[in-house]
Amino acid sequence: MANVVAIIPAYNEEKALADVIGKTLDYVDEVIVVDDGSSDKTSEVAVEAGARVIKHSVNLGKGEALKSGFKAIEGDSIIITIDGDGQHNPNEIPDLVRPIIEDSADLVNGSRYMNGPEENTPAYRRVGQKVLDIATNISAGTKVTDSQSGFRAFSSKSKNVFRFKDTGFGIESEMLVDAAEEGLKIVEVPITVRYDLNGSTKDPITHGVGVLFNITKDKVLRTFKK
């Protein structure tokens, strides 16, 4: 089986991180935690749990954290991205990896909504996410049902196609756009998510407005460059 490496971008995630790393290591060969300027014990917890740690001295944003993680991977590996707050279920990693192993995908997007509305998603979040899904799909020419998912798998051939221009949470949409423009095969698999942990560092309204602005700006700039 191909080498599998998980990247966990983390900002003040000391509470849930050890559990996420431990469960993730059941399915991957290595876990890389990118500590994005945390003020708590994120780095120490990650090392004790068995992860390799890359530490940013200041908070640079999720896009920069993923960029550092991708750059740290040498050779051909399947790459998993998973959040460090415990909302994702590492037991679902094999579901994300399978399409890549079967050569039916280059980017596998874990979707909370592939099989319909996720009953635990707060209504205000889902409305905003739906808007972002539409904007992302228009920009990328895709039909994904969960454009803001942070739980994904990437083939080794996809590793160098991402611009990592968006430093923040808009990186999820940007990566879909980049993959689509490179003609990579994008598929979705259903995943579950927990909202009872209250571990997210994102304000949903600020996040949504910022991502929508960046998607629109990026689309305009790419149109003018063509």
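In this predicted model, V5 stands opposite I79, a residue of strand β4. The strands concerned, β1 (residues 4-10) and β4 (residues 78-81), run parallel and are joined by four bridges. They belong to an open sheet of seven strands, whose order is β3-β2-β1-β4-β6-β5-β7 and whose pairing is mixed. Because β3 (52-56) and β7 (186-190) each have a single partner strand, they stand at the edges, and one side of each is left without a neighbour in the sheet. From one strand to the next, the twist averages 20°.

The protein has seven helices and seven strands, which follow the pattern β-α-β-α-β-α-β-α-β-α-β-α-β-α along the sequence. One of the helices, α6 (residues 171-181), lies across β5 (107-111), β6 (152-154) and β7, and runs at about 35° to β6. Of the contacts between residues at least 6 apart in sequence, 73% join residues at least 24 apart.

Buried residues account for 51% of the 226 residues, while the accessible surface comes to about 10800 Å², with 52% of it belonging to carbon and sulfur atoms. The largest nonpolar core has 26 residues, and those with the most contacts inside it are I8, I21, V31, V33, I80 and L96.

Once its neighbours within four places in sequence are left aside, I21 is in contact with I8, V31, V33, A46, A49 and A51.

What is the geometry of the pair formed by the rings of F70 and F162? Their centres are 5.8 Å apart and their planes lie at 80°, and since planes over 60 degrees apart count as edge-to-face, the pair is edge-to-face. F70 lies in helix α3 (residues 62-71) and F162 in the loop between β6 and α6, so the pair ties together parts that are 92 residues apart in sequence. Both F70 and F162 are buried, and ring pairs link F70, F154, F162 and F164 into a cluster.

Key:
Residues numbered from 1 in each chain as written. Predicted model: local features only at pLDDT ≥ 70, side-chain atom pairs only at ≥ 80, totals over all residues. Heavy atoms only, no water. Pairing = 2+ DSSP bridges. Helix = DSSP H or I, 4+ residues; strand = E, 2+ residues; numbered from the N terminus. Axes fitted to C-alpha atoms, helices over the stretch in contact; angles between N-to-C directions. Contact = heavy atoms within 4.5 Å. Buried < 20%, exposed > 50% of the residue type's maximum accessible area, 1.4 Å probe, protein only. Areas by Shrake-Rupley, 256 points an atom, 1.4 Å probe, with all protein chains shown as cover. Core = buried A, V, L, I, M, F, W, Y, C linked by side-chain atoms within 4.5 Å. Phe/Tyr/Trp six-rings, centres within 6.5 Å; stacked < 30°, edge-to-face > 60°.
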